[in-house]
Amino acid sequence: MRVKFCGTASLADLRCAVAAECDAVGFIMGVIHRSSDAVTPAEAARMIRQLPPFIEPVTVTHLQETQALIDLVRESHCTTLQVQNDVDPSDLEVIRQALPCVKIVKAVHVMDRSSIATARRYEPYADAILLDTRTEERIGGTGIPHDWNISAEIVANSTVPVILAGGLTPENVRDAIQKVRPYAVDVHTGVKKDGVRNLEKTLAFARAARDALK
Ligand SMILES: O=C(O)c1ccccc1NCC(=O)[C@H](O)[C@H](O)COP(=O)(O)O
(Lines give C-alpha, C1' and ligand atoms only; values in the text may rest on other atoms or scores of the structure.)
Protein backbone atom coordinates (compact mmCIF):
# COMPACT_ATOMS: atom_id res chain seq x y z
CA MET A 1 0.00 0.00 0.00
CA ARG A 2 1.36 3.40 -0.98
CA VAL A 3 1.36 6.16 1.65
CA LYS A 4 1.35 9.97 1.33
CA PHE A 5 1.92 12.30 4.27
CA CYS A 6 0.36 15.72 3.67
CA GLY A 7 1.10 19.07 5.31
CA THR A 8 4.89 18.78 5.37
CA ALA A 9 5.85 22.10 6.94
CA SER A 10 9.42 21.59 8.18
CA LEU A 11 12.51 19.45 7.69
CA ALA A 12 11.51 17.58 10.86
CA ASP A 13 8.16 16.70 9.22
CA LEU A 14 9.99 15.61 6.09
CA ARG A 15 12.36 13.37 8.07
CA CYS A 16 9.41 11.70 9.86
CA ALA A 17 7.81 10.86 6.50
CA VAL A 18 11.09 9.57 5.06
CA ALA A 19 11.71 7.44 8.17
CA ALA A 20 8.30 5.87 7.58
CA GLU A 21 9.37 5.03 4.00
CA CYS A 22 6.62 7.16 2.51
CA ASP A 23 5.84 7.19 -1.20
CA ALA A 24 4.84 10.86 -1.34
CA VAL A 25 4.94 14.03 0.73
CA GLY A 26 2.43 16.85 0.31
CA PHE A 27 3.29 20.55 0.62
CA ILE A 28 0.29 22.81 1.21
CA MET A 29 0.63 26.04 -0.79
CA GLY A 30 -1.75 28.69 -2.03
CA VAL A 31 -4.45 28.44 0.64
CA ILE A 32 -7.65 30.48 0.59
CA HIS A 33 -9.72 28.40 3.02
CA ARG A 34 -8.85 27.69 6.63
CA SER A 35 -5.75 25.52 6.82
CA SER A 36 -2.67 24.71 8.83
CA ASP A 37 0.89 23.89 7.82
CA ALA A 38 0.96 25.95 4.63
CA VAL A 39 4.41 26.75 3.22
CA THR A 40 5.67 28.98 0.42
CA PRO A 41 6.81 27.47 -2.90
CA ALA A 42 10.40 28.49 -2.04
CA GLU A 43 10.20 26.67 1.32
CA ALA A 44 8.83 23.56 -0.39
CA ALA A 45 11.59 23.70 -3.01
CA ARG A 46 14.23 23.90 -0.25
CA MET A 47 12.75 20.87 1.54
CA ILE A 48 12.51 18.91 -1.71
CA ARG A 49 16.30 19.30 -2.11
CA GLN A 50 16.60 17.13 1.04
CA LEU A 51 14.23 14.43 -0.25
CA PRO A 52 15.83 11.09 -1.17
CA PRO A 53 15.15 9.67 -4.65
CA PHE A 54 11.90 7.84 -5.43
CA ILE A 55 9.67 9.89 -3.12
CA GLU A 56 7.11 12.06 -4.91
CA PRO A 57 6.78 15.72 -3.79
CA VAL A 58 3.18 16.92 -4.19
CA THR A 59 1.90 20.51 -4.53
CA VAL A 60 -1.40 20.56 -2.59
CA THR A 61 -3.44 23.72 -3.08
CA HIS A 62 -6.76 25.54 -2.85
CA LEU A 63 -5.95 27.69 -5.90
CA GLN A 64 -8.26 27.35 -8.90
CA GLU A 65 -6.90 29.61 -11.60
CA THR A 66 -5.03 27.58 -14.23
CA GLN A 67 -1.95 29.80 -14.57
CA ALA A 68 -1.65 30.11 -10.77
CA LEU A 69 -1.65 26.31 -10.47
CA ILE A 70 1.02 25.97 -13.16
CA ASP A 71 3.18 28.65 -11.53
CA LEU A 72 2.90 27.00 -8.12
CA VAL A 73 4.17 23.66 -9.45
CA ARG A 74 7.00 25.32 -11.35
CA GLU A 75 8.09 27.42 -8.35
CA SER A 76 7.94 24.56 -5.85
CA HIS A 77 9.54 21.95 -8.16
CA CYS A 78 6.97 19.32 -7.19
CA THR A 79 6.36 16.42 -9.58
CA THR A 80 2.67 15.96 -8.73
CA LEU A 81 -0.14 18.54 -8.44
CA GLN A 82 -3.10 17.88 -6.11
CA VAL A 83 -6.00 20.20 -6.98
CA GLN A 84 -8.11 20.41 -3.84
CA ASN A 85 -10.71 22.96 -4.98
CA ASP A 86 -13.37 23.00 -7.71
CA VAL A 87 -12.01 23.49 -11.23
CA ASP A 88 -13.45 22.74 -14.61
CA PRO A 89 -12.18 19.35 -15.84
CA SER A 90 -10.98 20.99 -19.07
CA ASP A 91 -8.64 23.20 -16.98
CA LEU A 92 -6.74 20.04 -16.01
CA GLU A 93 -6.12 19.44 -19.71
CA VAL A 94 -4.61 22.93 -20.03
CA ILE A 95 -2.35 22.21 -17.03
CA ARG A 96 -1.29 18.90 -18.59
CA GLN A 97 -0.30 20.63 -21.83
CA ALA A 98 1.83 23.10 -19.86
CA LEU A 99 3.32 20.50 -17.48
CA PRO A 100 3.35 17.20 -19.42
CA CYS A 101 5.61 15.39 -16.93
CA VAL A 102 3.59 16.37 -13.85
CA LYS A 103 1.00 13.92 -12.47
CA ILE A 104 -2.38 15.47 -11.68
CA VAL A 105 -4.43 14.34 -8.66
CA LYS A 106 -7.96 15.77 -8.34
CA ALA A 107 -9.55 15.80 -4.90
CA VAL A 108 -13.22 14.83 -4.74
CA HIS A 109 -15.07 15.44 -1.49
CA VAL A 110 -17.25 12.52 -0.46
CA MET A 111 -20.36 14.17 0.96
CA ASP A 112 -23.11 11.97 -0.46
CA ARG A 113 -23.70 9.70 -3.45
CA SER A 114 -23.32 12.64 -5.88
CA SER A 115 -19.56 12.26 -5.29
CA ILE A 116 -19.67 9.12 -7.44
CA ALA A 117 -20.64 11.17 -10.52
CA THR A 118 -18.16 13.90 -9.61
CA ALA A 119 -15.29 11.41 -9.47
CA ARG A 120 -16.35 9.92 -12.80
CA ARG A 121 -16.39 13.39 -14.40
CA TYR A 122 -12.74 14.00 -13.49
CA GLU A 123 -11.41 10.52 -14.35
CA PRO A 124 -10.55 11.27 -18.00
CA TYR A 125 -8.49 14.31 -16.98
CA ALA A 126 -6.70 13.22 -13.80
CA ASP A 127 -3.96 10.66 -13.16
CA ALA A 128 -5.63 9.84 -9.84
CA ILE A 129 -8.63 10.84 -7.74
CA LEU A 130 -8.18 11.62 -4.02
CA LEU A 131 -11.29 11.07 -1.90
CA ASP A 132 -11.42 13.56 0.97
CA THR A 133 -13.78 15.17 3.49
CA ARG A 134 -14.84 18.82 3.59
CA THR A 135 -16.53 21.04 6.15
CA GLU A 136 -17.87 24.59 5.82
CA GLU A 137 -14.47 25.97 6.76
CA ARG A 138 -12.02 23.43 5.38
CA ILE A 139 -11.61 21.59 2.08
CA GLY A 140 -8.75 19.43 3.34
CA GLY A 141 -7.02 18.49 6.55
CA THR A 142 -10.32 18.08 8.41
CA GLY A 143 -9.32 14.98 10.36
CA ILE A 144 -12.84 13.65 9.70
CA PRO A 145 -13.59 10.34 7.91
CA HIS A 146 -16.37 10.18 5.32
CA ASP A 147 -18.67 7.37 4.23
CA TRP A 148 -16.30 4.58 3.19
CA ASN A 149 -19.18 2.71 1.51
CA ILE A 150 -19.32 5.48 -1.09
CA SER A 151 -15.50 5.54 -1.37
CA ALA A 152 -15.48 1.77 -1.94
CA GLU A 153 -18.02 2.15 -4.74
CA ILE A 154 -15.90 4.84 -6.41
CA VAL A 155 -12.77 2.67 -6.17
CA ALA A 156 -14.56 -0.38 -7.57
CA ASN A 157 -15.68 1.53 -10.67
CA SER A 158 -12.79 3.91 -11.25
CA THR A 159 -10.61 3.78 -14.36
CA VAL A 160 -7.80 5.65 -12.56
CA PRO A 161 -6.06 5.02 -9.20
CA VAL A 162 -8.00 6.28 -6.17
CA ILE A 163 -6.30 7.63 -3.04
CA LEU A 164 -8.23 7.53 0.23
CA ALA A 165 -7.90 10.53 2.61
CA GLY A 166 -9.96 12.16 5.35
CA GLY A 167 -9.66 11.38 9.03
CA LEU A 168 -7.33 8.41 8.67
CA THR A 169 -5.29 7.45 11.74
CA PRO A 170 -2.90 4.66 12.73
CA GLU A 171 -5.93 3.07 14.45
CA ASN A 172 -8.46 3.12 11.58
CA VAL A 173 -6.31 2.93 8.44
CA ARG A 174 -6.31 -0.88 8.36
CA ASP A 175 -10.14 -1.06 8.37
CA ALA A 176 -10.32 1.73 5.82
CA ILE A 177 -8.00 -0.09 3.41
CA GLN A 178 -9.77 -3.41 3.84
CA LYS A 179 -13.13 -1.81 3.16
CA VAL A 180 -12.24 0.68 0.39
CA ARG A 181 -9.27 -1.06 -1.33
CA PRO A 182 -7.63 2.20 -2.48
CA TYR A 183 -4.44 2.59 -4.53
CA ALA A 184 -2.91 4.66 -1.71
CA VAL A 185 -3.78 6.36 1.56
CA ASP A 186 -3.14 9.95 2.60
CA VAL A 187 -3.01 11.51 6.06
CA HIS A 188 -2.38 14.88 7.65
CA THR A 189 -4.09 15.37 11.03
CA GLY A 190 -4.02 11.72 12.16
CA VAL A 191 -0.24 11.57 12.60
CA LYS A 192 0.04 14.77 14.63
CA LYS A 193 0.57 15.18 18.36
CA ASP A 194 0.32 18.60 20.00
CA GLY A 195 -0.07 20.17 16.55
CA VAL A 196 3.04 18.73 14.89
CA ARG A 197 3.85 15.56 12.97
CA ASN A 198 4.79 12.85 15.42
CA LEU A 199 7.38 10.20 14.57
CA GLU A 200 5.72 7.32 16.46
CA LYS A 201 2.32 8.02 14.90
CA THR A 202 3.85 8.42 11.45
CA LEU A 203 5.69 5.09 11.73
CA ALA A 204 2.59 3.38 13.15
CA PHE A 205 0.41 4.74 10.32
CA ALA A 206 2.78 3.52 7.60
CA ARG A 207 3.13 0.10 9.26
CA ALA A 208 -0.63 -0.35 9.64
CA ALA A 209 -1.25 0.72 6.04
CA ARG A 210 1.40 -1.62 4.63
CA ASP A 211 0.19 -4.58 6.74
CA ALA A 212 -3.50 -4.01 6.04
CA LEU A 213 -3.83 -6.47 3.18
CA LYS A 214 -1.35 -9.11 4.41
O1 LIG B 1 -4.48 19.26 4.92
C2 LIG B 1 -4.75 20.46 4.77
O3 LIG B 1 -4.82 21.29 5.71
C4 LIG B 1 -4.99 20.99 3.42
C5 LIG B 1 -5.01 22.34 3.23
C6 LIG B 1 -5.20 22.83 1.98
C7 LIG B 1 -5.43 22.00 0.93
C8 LIG B 1 -5.39 20.64 1.12
C9 LIG B 1 -5.17 20.12 2.35
N10 LIG B 1 -5.12 18.79 2.57
C11 LIG B 1 -5.18 17.82 1.55
C12 LIG B 1 -4.66 16.50 1.95
O13 LIG B 1 -4.16 15.80 1.10
C14 LIG B 1 -4.88 16.01 3.36
O15 LIG B 1 -3.94 15.06 3.69
C16 LIG B 1 -6.26 15.40 3.39
O17 LIG B 1 -7.18 16.45 3.34
C18 LIG B 1 -6.50 14.56 4.65
O19 LIG B 1 -6.38 15.34 5.78
P20 LIG B 1 -6.72 14.72 7.23
O21 LIG B 1 -8.18 14.42 7.24
O22 LIG B 1 -6.36 15.80 8.15
O23 LIG B 1 -5.87 13.51 7.40
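The legends below describe several close-up views of a predicted model.

Residues are numbered from 1 along each chain as its sequence is written, and side-chain values use heavy atoms, with hydrogens and water left out. Because the model is predicted, local features are taken at pLDDT of at least 70 and side-chain atom pairs at pLDDT 80 or more, whereas totals for chains, interfaces and linings use all residues.

**View 1. The ligand and the residues around the ligand.** The shell around the ligand holds 21 residues, of which Asp132, Gly141, Asp186, His188 and Thr189 come nearest; a residue is near a molecule or strand if one of its heavy atoms lies within 4 Å of it. By class, the shell divides into five nonpolar, 13 polar and three charged residues, where Ala, Val, Leu, Ile, Met, Phe, Trp, Tyr, Cys and Pro count as nonpolar, Asp, Glu, Lys and Arg as charged, and the others, Gly among them, as polar.

**View 2. Polar side-chain atoms at the ligand oxygens.** A polar side-chain atom of Asp132 lies 2.4 Å from an oxygen atom of the ligand, and an N or O atom in the side chain of Asp186 is likewise placed 2.4 Å from a ligand oxygen. For Lys4, a polar side-chain atom lies 3.1 Å from an oxygen atom of the ligand. The ligand taken alone exposes 510 Å², and the protein buries 100% of that area; accessible areas come from the Shrake-Rupley method with a 1.4 Å probe, and for residues, only the protein chains shown count as cover.

**View 3. The salt bridge between Arg210 and Asp23.** The whole structure contains six salt bridges, a salt bridge being a side-chain nitrogen of Lys or Arg within 4 Å of a carboxyl oxygen of Asp or Glu. In one of them, the side chains of Arg210 and Asp23 meet with an N to O distance of 3.3 Å. This pair links distant parts of the chain, with Arg210 in helix α8 (residues 199-211) and Asp23 in the loop between α1 (11-19) and β2 (24-28), 187 residues apart. Helices (H or I, at least four residues) and strands (E, at least two) are DSSP runs, numbered from the N terminus. Arg210 counts as partly exposed because its relative accessibility is 29%, and Asp23 is also partly exposed, with a relative accessible area of 30%; buried means under 20% relative accessible area, exposed over 50%, and partly exposed in between (1.4 Å probe, protein chains only).

View 4. The closest N and O atoms of Asp37 and Lys192 are 2.6 Å apart in their salt bridge. Here too distant parts of the chain are linked, since Asp37 lies in the loop between β2 and α2 (41-48) and Lys192 in strand β9 (residues 192-193), 155 residues apart. With a relative accessible area of 21%, Asp37 is partly exposed, whereas Lys192 is buried at 19%. Asp211 and Lys214 meet through their side chains in a salt bridge with an N to O distance of 3.1 Å; Asp211 is partly exposed at 35% relative accessibility, while Lys214 is exposed at 81%.

**View 5. Strand β4 between strands β3 and β5.** Strand β4 (residues 80-83) is covered on both faces, with Thr80 and Gln82 buried on one side and Leu81 and Val83 buried on the other. Four bridges join β4 to the parallel strand β3 (residues 56-61), and another set of four bridges joins β4 to β5, which also run parallel; two strands pair if DSSP finds at least two bridges between them. Strand β5 (residues 103-109) is mostly covered, six of its seven residues being buried.

**View 6. Thr80 and its contact with Glu56.** Thr80 has its place in strand β4 and counts as buried at 6% relative accessibility. Its side chain is joined to that of Glu56 by a polar contact of 3.1 Å, a polar contact being a pair of N or O atoms within 3.5 Å; within protein, one must be able to donate a hydrogen and the other to accept it, and residues adjacent in sequence count only if both atoms are side-chain atoms.

**View 7. Thr142 and Arg138 in the loop between β6 and α6.** Thr142 lies in the loop between β6 (128-132) and α6 (148-157), and Arg138 lies in the loop between β6 and α6 as well. Thr142 counts as buried at 16% relative accessibility, and Arg138 counts as buried at 18%. Thr142 and His188 are 46 residues apart in sequence and 8.6 Å apart in space, C-alpha to C-alpha, whereas the C-alpha atoms of Arg138 and His62, 76 residues apart along the chain, are separated by 10.0 Å.
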